Number of protein chains: 4
Amino acid sequence: MTETNTPVPGPEGARVGVWFVGARGSVGATAIAGALAVRAGLAGETGMVSRLPEVAVAGLPELAGLQFGGHDVSDVSLPKRVEALVDAGVVPHGLPAALATELARVDARIRPGVTGSERPQREIAAALTADLRAFREDNGLDRVVVVDVSSTEPPVRVTPELLTLDGLEQALDAGESPLPASSLYAYAALRADCSVVAFTPSPGPRLPALAELAETVGLPWAGSDGKTGETLLKTVLAPMFAMRALKVRSWSSMNLLGGGDGRTLADPANAVSKTATKGQGLEAILGHRVDGPLHIDYVPDLGDWKTAWDMVSFEGFLGARMSLQFTWTGCDSALAAPLVLDLARLVARAHQAGRVGPQAALGFFFKDPAGSDVHALSEQWEALRTWCAELAEAEERR
Amino acid sequence: MTETNTPVPGPEGARVGVWFVGARGSVGATAIAGALAVRAGLAGETGMVSRLPEVAVAGLPELAGLQFGGHDVSDVSLPKRVEALVDAGVVPHGLPAALATELARVDARIRPGVTGSERPQREIAAALTADLRAFREDNGLDRVVVVDVSSTEPPVRVTPELLTLDGLEQALDAGESPLPASSLYAYAALRADCSVVAFTPSPGPRLPALAELAETVGLPWAGSDGKTGETLLKTVLAPMFAMRALKVRSWSSMNLLGGGDGRTLADPANAVSKTATKGQGLEAILGHRVDGPLHIDYVPDLGDWKTAWDMVSFEGFLGARMSLQFTWTGCDSALAAPLVLDLARLVARAHQAGRVGPQAALGFFFKDPAGSDVHALSEQWEALRTWCAELAEAEERR
Amino acid sequence: MTETNTPVPGPEGARVGVWFVGARGSVGATAIAGALAVRAGLAGETGMVSRLPEVAVAGLPELAGLQFGGHDVSDVSLPKRVEALVDAGVVPHGLPAALATELARVDARIRPGVTGSERPQREIAAALTADLRAFREDNGLDRVVVVDVSSTEPPVRVTPELLTLDGLEQALDAGESPLPASSLYAYAALRADCSVVAFTPSPGPRLPALAELAETVGLPWAGSDGKTGETLLKTVLAPMFAMRALKVRSWSSMNLLGGGDGRTLADPANAVSKTATKGQGLEAILGHRVDGPLHIDYVPDLGDWKTAWDMVSFEGFLGARMSLQFTWTGCDSALAAPLVLDLARLVARAHQAGRVGPQAALGFFFKDPAGSDVHALSEQWEALRTWCAELAEAEERR
Amino acid sequence: MTETNTPVPGPEGARVGVWFVGARGSVGATAIAGALAVRAGLAGETGMVSRLPEVAVAGLPELAGLQFGGHDVSDVSLPKRVEALVDAGVVPHGLPAALATELARVDARIRPGVTGSERPQREIAAALTADLRAFREDNGLDRVVVVDVSSTEPPVRVTPELLTLDGLEQALDAGESPLPASSLYAYAALRADCSVVAFTPSPGPRLPALAELAETVGLPWAGSDGKTGETLLKTVLAPMFAMRALKVRSWSSMNLLGGGDGRTLADPANAVSKTATKGQGLEAILGHRVDGPLHIDYVPDLGDWKTAWDMVSFEGFLGARMSLQFTWTGCDSALAAPLVLDLARLVARAHQAGRVGPQAALGFFFKDPAGSDVHALSEQWEALRTWCAELAEAEERR
């Protein structure tokens, strides 16, 4: 698992576009600024899984060739957002100035996002689709990946019209607006022949009607909810207890976070989506329900940083009671941004290779892996490695 | 990885003996009392890897059929030692009384261990070998495994007579005493046709002359230094950083332990063996040297319990500096004892199946895996699982 | 602050009774068993503030002379409860047997507590008062202290009849039942000429009508909500930040507790009382509101033990951002029981010395000190020390 | 303990100079840059004890009026050092540019420090004294305080000529060089009529001959070893255990630090001074020796930041075993710099008020308080508050 700094070039020198839903948010802005910085030789690839030879072998589109655009409801320009990330300690001093021209160029491609509009969703979807097509054509792109890094939505009730593609189309034809925003973006993306990455716990492409649409139009997608911090740790620690036949008695978690994500999650309705995806891995790995609270709290003081404390109470031979505590202090945007870039390149490669539907092998990146019920990180890594090796072979056979 | 409480019976109802070097120490006494308690239905198999179906499939000798004996330099009887472990919170109240007869029976089989004797090692080895043969014959055993759970020795300088079996035999013939105690036990074991488990960092069967002897006599062995606590965590956490392409900048460790192990390690000469085996895994997993102190301290107040604190400083995308801390509070004897029983059964099974030399697939249990340079726990688990599956198939083909 | 094991004897060899509301709960049972154990020479006085010379000087009634009784709604006998505390690791093995006779004698004095009765409170109060008088007379006691260690109640709305003693008496005369249970016990206690200690956050003697009653009948009382763990730490750490002119930016707390207290607090209505008293100290000490969540969670697995994690984010010179985290692992009953015994003796001494109303100098023991807004532990210690010195002088002058 | 931003002006508008031994080190440079920043309105007074009304009342010389100079063996200019502190996250971006002129002006006043010279110490002392006199005269200063913030020296063996002033003078007259560097600076300072602050654990003014000199020339001094982090916590937590009559069984500490201080302390000879001063407070507060290791480790990766982990194992009522752990993550320079400025102003005030010898009331700032054996922070705060109030009264009476 040593690193390489020379990514294997894309098999056809493909021009790939990455379209962020939430391009001016912390994760979107960090990903764009970071990719530009790496391209300019101002930053390294630390935190990018695609730099590892086991992944690079898949023949991913080059980072340097990615073109960025996006939707956002915010009026704060991308350069200003990146400046704010400097103050937050996420982006190094000097970077905004060095990348000013390029950031402004990307910012000019950002289009207004979906707000609580009065227009029917059929109409909005058409506008979003048009934005994506224009981005592809204006920039001469072979493929576009739409990546959702916007704020977490509350869980959605799956009404009948969200169950089948036919039902959904009829509802849209009837002037109804049944989709949550994240799924509306996914609908527009798939209709514009773009693959999709759902990096938040929002429904996005996971609704049955959307998943059916992806199959119908023959596009790959991946999701959901990026596994960047405390849950990442859970999915390496829980297998350890299981492999050693130790009995986990309770697992308590407290997550303190500031920044935009924290503010969104301070609304209990939105937090439900997050705690649901955070909680499910443990049970899947250990094979039984585990007691213990899971809190997510908004502490504005922490800015873009997050501190999580977990305490695991477990039992060993002859009933001995023991414990493990950990404290994780991380910068969520800095952890998420490189994974978002990895995913964009991996899904673009899947698109090129003709893969369709949820890419289970990309579960490595997610708290709630679509198409898979594997949560243990090392098993997910094996699946990812195998998938990359297959793509490498496929390429060689051409 | 769900558990089973009905171990697959040994393929031939083999009678297996387990001979502990250090039978009256914390780990030895906990393992013996624990095995007797499980057999009597007074305790469960929590902490025993052999209860997991992936391991049980190998067709291990039954726990209930194991016979125990051992060497020890201590005069404190096994029942008394188990009483002390009750006060230390390791063994449940009531167990010593319930197991009194059986503990006394095992205690009667414990023979005096090797002390700084004036006798030449040739002579001592003969006596130890005779002890082992008597144990096997008196109890009608098919096979005996010798398990070293005695105090850690300081590292040994590998002099020429320890390099080859011939050289060693000549030195012994000449009346010399070149072997450290742990290797003298291993020599006697192999000469008595017993397989060997080295659960401490002491040299034991790892000296080249001893490893050659194992090959010559066609016996399997496994080692060394049981991976029970802080190092176990390192070997699941370090791969996580590697898989996510995060850069570990420093990893600092403090281990506070009381009890016999702590006292032995308070002697810096002995601690060298321990810190050496504890340190090597990180570098092997991460592919580069990692800065940071590693302390092992004796804090008598802690008794048989151990608290370890680790701090990992790491770097992510755009140079973001983050950290992970953990505190592990564990009972070393309760963690080690079930693994020691697992190993005895696994090595007995390897012996039965005709395996010879260091069993690399048992590296899962060790800080310093003999015959392997794999340290990541999930990779070790895969190797163990494969090895057990092979033994299962071999059995079925018979 | 060195310890003494020879408490200064009470100035008149007074016979003092301690009546626990909740005598069969964890704290009550630990306090009774502990006092009996100390008297029998089976345990030391660790954790008792009254063993410190600065406090002992006040001339407290001797621990050995205390007589115990109480009310409880539970049918589980005191000896059985103490047995359960052995399994929970709170009370040492062997103690229940050694104290069997004495525990049974105390248990025989425990009277049924107040439940959701249909009887009017006037009638219940009379019965409780009769219980207390009988306890005093049957045992030839000079004074009785009633100590509330029962489950936490939800906060009460202070209706007009709880504002004045006249109003309260009229309501009781009219057959109304306006008092929360804790205050009904306090009412009965004061009417029976007993002093009162409120060790829980329940209203007890703090309602204005009750406080007026204490003044009227000339009795001292102390409260409320024993400061045993995480809040204790806050009241030494917060002054440190203040004295060093460091700016506390946020203070986040997570409290995990099992046992009876945890179960009661799992009901959000009851938890409100607790989080309210836990939160107030910080603001009082730092002089400004402090951001950050405060959680209390019930984790049954933890039994009578509690683990609290706090993270303080603070700012130093030139805006440097720093942090302090702590983890407290304590046994609540073992921490509370000696303080409860201290308080009983201190309040009995105050009663003897003719003190009336809330004893502000006993704020040292409480999260929500009645009669005081001082929360910093060292200031509270000074106040306690001064108070004890005054009582010592008063005694000498006699 | 609320803050004030309007320091009470010095009673006579005194012009005070602060001369740093080690002016270009982390602490010296942070103190100088910080004082200039506060004066320019670019930073606040967070972390300065002198901003608290209880201290400000003493009538301290104004921060804005302090003039800075110093000795240093380093050739790296002060502006360059401050730039490096920006990269280290200690000093805010933009400050070096805003303060460029003033930093250069101070840098021009920094004179070469004492190195392993071949010149006899009599001669070196004369040169140092001349530097100090020139600083005072050139800048029209009323008083100068010499503050040692240079690297920690190893402990010194107190030879006979260091025991009395006469002995010392004779040795110097004889061309001998008996003084450690820190004491040579202190000697020169006192001979130049400057008061002294010893902020490191080096011997400085604490040698008997030096302390005698201070008495002889009638000058005040304060020391030693600034209490900024882990020890600060110990001196509020240990009194808590004492006040609650809890028995501390062991206290284990690990200190990880990078930067210059860490590098110096990586040399075991120097670390001895530090561990000696860090260890003594606990015993003084608890009244008995406390078991447990104390490590100081150099982890270059941490830069100017420090992480300390402590684990306290303690015992409560009925032998219950409990624990407290804490992790302190602090920036040593940011914690030390404001205290250094406080001390300079307090000692200058003591000088003005005619105080002589070690100022015990300033023990609040030190791990090893000269003239006092009080270590509990709250007691030290009371002493400081009383001392400041006395100075305030003295002033009013004038």
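Colleague: How many residue pairs are in polar contact between chain D and chain C, and what makes a pair count?

Modeller: The count is 12 residue pairs, both members at pLDDT 80 or more. A polar contact is a pair of N or O atoms within 3.5 Å; within protein, one must be able to donate a hydrogen and the other to accept it, and residues adjacent in sequence count only if both atoms are side-chain atoms. This is a predicted model, in which local features need pLDDT of at least 70 and side-chain atom pairs count only at pLDDT 80 or more, while totals for chains, interfaces and linings use all residues. Residues are numbered from 1 along each chain as its sequence is written, chains are lettered from A and ligands numbered from 1 in the order in which they are written, and side-chain values use heavy atoms, without hydrogens and water.

Colleague: Which element gives the most to the side of chain D that touches chain C?

Modeller: Strand S10 of chain D does, with 11 residues. Helices (H or I, at least four residues) and strands (E, at least two) are DSSP runs, numbered from the N terminus. By class, this side of chain D has 43 nonpolar, 13 polar and six charged residues. Here Ala, Val, Leu, Ile, Met, Phe, Trp, Tyr, Cys and Pro count as nonpolar, Asp, Glu, Lys and Arg as charged, and the others, Gly among them, as polar.

Colleague: Why are S10(C) and S10(D) said to pair?

Modeller: Two strands pair if DSSP finds at least two bridges between them. S10(C) and S10(D) have seven, in the antiparallel sense, and therefore they qualify. As one example, Ser323(C) has Thr329(D) as its bridge partner.

Colleague: What area is buried between chain D and chain C?

Modeller: It is about 4,800 Å², of which carbon and sulfur atoms give 72%. Buried area is the accessible area (1.4 Å probe) that two parts lose on being put together, summed over both. The contact, meaning heavy atoms within 4.5 Å, takes 62 residues from chain D and 62 residues from chain C.

Colleague: How many salt bridges lie between chain D and chain C?

Modeller: The count is zero, although over all chains it comes to 60.

Colleague: What makes Arg24(A) and Asp107(A) a salt bridge?

Modeller: The rule asks for a side-chain nitrogen of Lys or Arg within 4 Å of a carboxyl oxygen of Asp or Glu. The N to O distance for Arg24(A) and Asp107(A) is 3.1 Å, so the pair meets the rule. Arg24(A) lies in the loop between strand S1 and helix H1 of chain A and Asp107(A) in helix H5 of chain A, so the pair ties together parts that are 83 residues apart in sequence.

Colleague: Why are S3 and S11 of chain A called edge strands?

Modeller: The open sheet of seven strands in chain A has the order S3-S2-S1-S4-S5-S6-S11, with parallel pairing. S3(A) and S11(A) each pair on one side only.

Colleague: Into which domains is chain A divided?

Modeller: Chain A has domain 1 (16-226 + 334-397) and domain 2 (230-331), with bounds from an automatic or database domain assignment. The area buried between these two domains of chain A is about 1,700 Å². Thr152(A), Lys367(A) and His375(A) supply 32% of what domain 1 buries against domain 2, more than any other three residues.
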